[in-house]
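Hello,

Here is the structure I promised to pass on. My notes follow below it.

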Amino acid sequence: MKVKFIKSAPTIKEAIEPNFTEVALLGRSNVGKSSFLNTFTNQKIAKVSSTPGKTKLINFFEIEDKGKKYVLVDLPGFGYAKVSKSMLKDWGKNLDEFLKNRYNIKLFIHLRDARHPDLDIDNNVDEYLKSFLRKDQQILTVFTKIDKLKQSELAKLKQKYPEALFVSNLKKRGINKVKEKINEILWGNYENNQTNS
Ligand SMILES: Nc1nc2c(ncn2[C@@H]2O[C@H](COP(=O)(O)OP(=O)(O)OP(=O)(O)O)[C@@H](O)[C@H]2O)c(=O)[nH]1
Ligand SMILES: [Mg+2]
């Protein structure tokens with residue numbers, strides 16, 4: 001996998017041109033989004049910190065995996081510690097418009113903390129995304145910090161969320177499955193892709 005940092009945009013207005021298929025990465029602040037980016041890209045590309053709410057910019061990365069390119073959009077973490085009903089309030093109207101109108105986003109990756117799988121704020125985000133999800137878009141839930149769970153707890157979580165993926169950024173577990181899943185969602189199988197292009 002090749003990774004190229006493209007840009008940090010302080011606001012949506014400074015987003016890059018929507019020329020590539022995009023994968024939007026979102027999650028509650030402190031969920032391990034920056035850590036995930038680092039393990040995913042195998043580079044120290046994002047700052048990891050113990051002070052939540054560090055990442056305020058929208059970061060664009062060009063990913064080349066198995067000869068295909070997509071752009072990973074790292075969105076600011078939302079709502080640390082406080083549960084808010086409205087994503088609008090937390091994230092700002094601009095981000096709301098961006099998420100709804102950015103037609104080249106084909107996949108939303110929603111990171112959730114395996115230790116706190118049922119937070120209102122995450123459920124709200126899920127509902128929010130589903131409220132405008134188009135037919136050509138998907139949501140992939142990825143639980144982080146699975147190294148903090150007992151085997152039995154992890155088994156339970158997997159049972160409850162059969163569609164989700166499970167990673168440990170710390171132990172570098174489950175990351176390849178996420179890559180494979182992204183490729184599968186974006187490009188389907190090779191034959192399909194050939195006939196479409
Ligand atoms: N045990 C464990 N800790 C993790 C994992 N991923 C991240 N952490 C820790 O969780 C804390 C937050 O990680 P970050 O990657 O900075 O989280 P973030 O979501 O980018 O946070 P903000 O940018 O501050 O919103 C750090 O102390 C990380 O070391 C994981 O898979 N397992
Ligand atoms: Mg971060």
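In what order do the seven strands of the open sheet run? The order is β1-β3-β4-β2-β5-β6-β7, and the pairing is mixed. Helices (H or I, at least four residues) and strands (E, at least two) are DSSP runs, numbered from the N terminus. Two strands pair if DSSP finds at least two bridges between them.

Before the rest, the ground rules. This is a predicted model, in which local features need pLDDT of at least 70 and side-chain atom pairs count only at pLDDT 80 or more, while totals for chains, interfaces and linings use all residues. Residues are numbered from 1 along each chain as its sequence is written, chains are lettered from A and ligands numbered from 1 in the order in which they are written, and side-chain values use heavy atoms, with hydrogens and water left out.

β7 pairs with β6 (residues 138-144) in the parallel sense, over two bridges. L165 in β7 stands opposite V142.

Next, the cores. A nonpolar core is a set of buried Ala, Val, Leu, Ile, Met, Phe, Trp, Tyr and Cys residues joined through side-chain atoms within 4.5 Å. Buried means under 20% relative accessible area, exposed over 50%, partly exposed in between (1.4 Å probe, protein chains only). The largest core has 25 residues; F40, I109 and I182 touch the most other members. α6 gives the most to this core, with six residues. I109 is in contact (heavy atoms within 4.5 Å) with V23, A24, L25, L26, L140, V142 and I182, leaving aside neighbours within four places in sequence. Another core, of 22 residues, lies apart from it; A9, I16, L26 and F60 are among its members.

Two residues to look at:

- R102 sits in the loop between α3 (93-101) and β5 (105-113). R102 counts as buried because its relative accessibility is 9%. Its side chain makes a polar contact of 2.6 Å with that of E22 and reaches the backbone oxygen of I16 at 3.0 Å. A polar contact is a pair of N or O atoms within 3.5 Å; within protein, one must be able to donate a hydrogen and the other to accept it, and residues adjacent in sequence count only if both atoms are side-chain atoms.
- S131 lies in helix α4 (residues 120-132). S131 counts as exposed, at 58% relative accessibility. A polar atom of its side chain lies 2.5 Å from the backbone oxygen of Y128.

Best wishes
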